[in-house]
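Hi,

Here is the structure I promised to pass on. Have a look at it first, and then read on for my notes.

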Amino acid sequence: KTKIFEIKMKILIKPITVGKTSLIMSLVSEEFPDEVPLRAEEITIPADVTPERVPTHIVDYSGTDTCPSLYDETHMACIANVICIVYSVNNKKSIEKVSLVSLVPLILVGNKSDLVEHSSMETILPIMNQFSEIETCVECSAKNLKNISELFYYAQKAVLHPTGPLYSPEEKEMKPPCIRALTRIFKLSDLDNDGILNDYELNFFQRTCFNIPLAPQALEDVKNVVRKNMSDGVKDNGLTLKGFLFLHTLFIQRGRHETTWTVLRRFGHDDDLELTQDYLFPLLKIPPDCTTELNHNAYLFLQSVFDKHDKDRDCALSPDELKDLFKVFPYMPWGPDVNNTVCTNEQGWITYQGYLSQWTLTTYLDVQRCLEYLGYLGYSIIQEQESQAAAITITRNKRIDLQKKQTQRSVFRCNVLGARGSGKSGFLQAFLGRNLRIREDHKSYYAISTTYVYGQEKYLLLHEVLPDFEFLSEADLACDVVCLVYDISNPRSFEYCAKVYKKHFLDSKTPCVIIAAKSDLHEARQYYSLSPLDFCRKHKLHPPQMFTCNTDEAPSKDIYTKLTTMAMYPHMTQADLKNSTFWLRASVGATVFAVLGFAMYKALLKQR
């Protein structure tokens with residue numbers, strides 16, 4: 001696809017009779033006109049009679065057009081997509097007076113070739129070498145209709161498939177932006193990330209861009225062309241990046257720019273070789289009270305991306321592996337705070353589970369950013385979908401879930417509130433299996449991982465809310481379950497939880513849990529009028545949950561399972577929630593499923 005939906009072409013000359021109006025008349029009538037007007041009226045060639053299926057407007061400027069702005073480059077760029085400058089091959093003065101200041105492609109047209117035996121190319125070539133705006137030069141004759149159709153074909157081609165952004169004639173090589181774009185395309189097409197395009201990957205690339213596979217002999221012919229021209233273009237019978245770039249340089253040098261442009265546009269690049277906004281941000285309407293999640297196919301795609309870059313098969317991405325994964329991005333999307341947001345291994349590298357969790361977090365909090373990231377990874381192309389929007393599931397309105405007392409959602413948000421120093425950050429990090437290791441320099445206010453409720457894998461997203469009691473926004477309060485944390489060793493800590501609950505959640509349908517953090521320390525009597533236990537009894541809340549992350553072993557995850565269960569079943573009564581049998585049923589098999597999930601992934605890696 002291209003953003004050019006119509007072409008406005010201007011036939012521009014100096015005030016000398018060179019036959020440019022005759023060219024237009026000959027194109028339209030397919031015969032040389034007996035009488036030629038001073039200037040032809042604007043003509044529109046319908047899309048269905050042009051090779052590129054794009055309507056083309058031809059505007060004739062006669063020698064009497066003396067408006068100074070006509071030759072102003074900015075003005076011309078605004079009123080035309082391509083300019084054809086006509087000269088007479090039998091008149092040297094018309095060549096000398098050619099004006100070449102332009103921001104749009106130029107086509108030099110040598111008319112009246114029927115009047116001479118020689119070509120004007122020797123005179124024109126130095127001009128073409130001097131001005132990179134010139135796409136090509138065509139010699140033609142309006143009288144005998146020689147190259148008339150070709151002239152307008154090249155003019156269209158100069159707009160739809162310009163040389164300028166791709167290639168530097170002076171350097172005789174592709175320009176850096178073109179190399180970057182094609183390198184991205186190579187990496188996306190290299191499905192196993194081994195640095196070469198094997199026959200399967202070349203055929204996938206061919207079908208993706210041109211809708212037809214290459215015959216085995218055609219594949220060999222392509223590789224043989226590369227072999228003859230460079231020693232490191234083919235490796236292990238596959239095309240290397242250098243070979244891939246060489247082929248496109250060859251296409252451009254041989255005038256087949258449309259081949260390279262077809263590839264670039266298929267992978268989302270615009271005329272400036274940037275990814276288009278339509279490609280990166282496809283339309284996705286999200287109704288109120290609905291959330292966004294990745295669907296099953298999206299997770300399979302992301303798993304394949306992880307597998308592609310996990311070279312040592314340790315189920316974690318080292319810094320180098322992560323950097324390699326994001327080479328197709330224009331910037332590094334994940335900062336060091338991500339390592340404090342998701343699960344990592346002992347070396348601090350993001351694990352497979354942590355990797356999927358971060359994608360889940362991005363989709364939930366900022367789906368437009370997720371669409372952008374998936375676009376960089378080529379999701380719609382590799383998965384053969386219309387856009388990245390196909391990767392997103394929009395959940396139904398939360399009110400409907402409450403009415404039906406069931407949900408199909410997979411991601412639940414828990415807002416964690418508490419006074420400063422109450423243990424909120426420790427509570428988040430404990431969910432990721434960490435004790436008191438909190439790096440303030442890369443602090444994250446989110447933590448996300450999986451829990452298992454009734455054998456179903458769910459994502460629990462913990463969000464630490466800053467303790468500015470008077471400035472809590474709707475976003476700070478919107479969630480599926482609330483966690484109010486206080487420090488049992490600080491006598492003033494619980495008061496904040498009580499005030500927040502009474503002001504924001506007393507009449508809310510959002511389930512609330514009170515966490516008695518730092519339970520390994522001596523419990524101080526709280527200065528609030530009611531003890532935490534009495535406060536919970538009065539407001540029919542579950543008793544305070546004792547919690548500490550100051551342990552030798554990994555902190556218990558039972559509380560997180562309870563939070564997820566309450567988020568999934570907000571209609572459950574407090575009596576149900578207090579029932580130990582209910583919690584046993586909800587959490588049964590959680591550890592087994594977690595271990596099985598990881599083991600199954602490792603087994604799949606071994607098979608691959």
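What percentage of the 608 residues of the protein count as buried? The answer is 51%. Bear in mind that this is a predicted model.

Some overall numbers to start with. The protein exposes about 29800 Å², and 52% of that comes from carbon and sulfur atoms. If you take the contacts with a separation of 6 or more, 69% of them join residues 24 or more positions apart.

Helix 6 covers residues 176-189 and helix 9 covers residues 241-253; the two pack at an angle of about 125°, and their axes are 10 Å apart. Angles of 65 to 115 degrees count as roughly perpendicular and those over 145 as roughly antiparallel, so helix 6 is oblique to helix 9. Their crossing is right-handed. On the helix 6 side, the contact is made by I179, L182, T183, I185 and F186, while helix 9 brings in L241, F244, L245 and H248. Sorted by type, the residues of this contact are seven nonpolar and two polar, with no charged ones.

Is S189 buried or exposed? Its relative accessible area is 1%, so S189 is buried, given that the cut-off for buried is under 20%. Leaving out residues up to four places away in sequence, S189 touches L197, E201, F205 and F267.

Cheers

How values were computed:
Residues numbered from 1 in each chain as written. Predicted model: local features only at pLDDT ≥ 70, side-chain atom pairs only at ≥ 80, totals over all residues. Heavy atoms only, no water. Axes fitted to C-alpha atoms, helices over the stretch in contact; angles between N-to-C directions. Helix = DSSP H or I, 4+ residues; strand = E, 2+ residues; numbered from the N terminus. Parallel < 35°, antiparallel > 145°, perpendicular 65-115°, else oblique. Left-handed = near helix turned anticlockwise from the far one by under 90°. Contact = heavy atoms within 4.5 Å. Nonpolar A, V, L, I, M, F, W, Y, C, P; charged D, E, K, R; others polar. Buried < 20%, exposed > 50% of the residue type's maximum accessible area, 1.4 Å probe, protein only. Areas by Shrake-Rupley, 256 points an atom, 1.4 Å probe, with all protein chains shown as cover.
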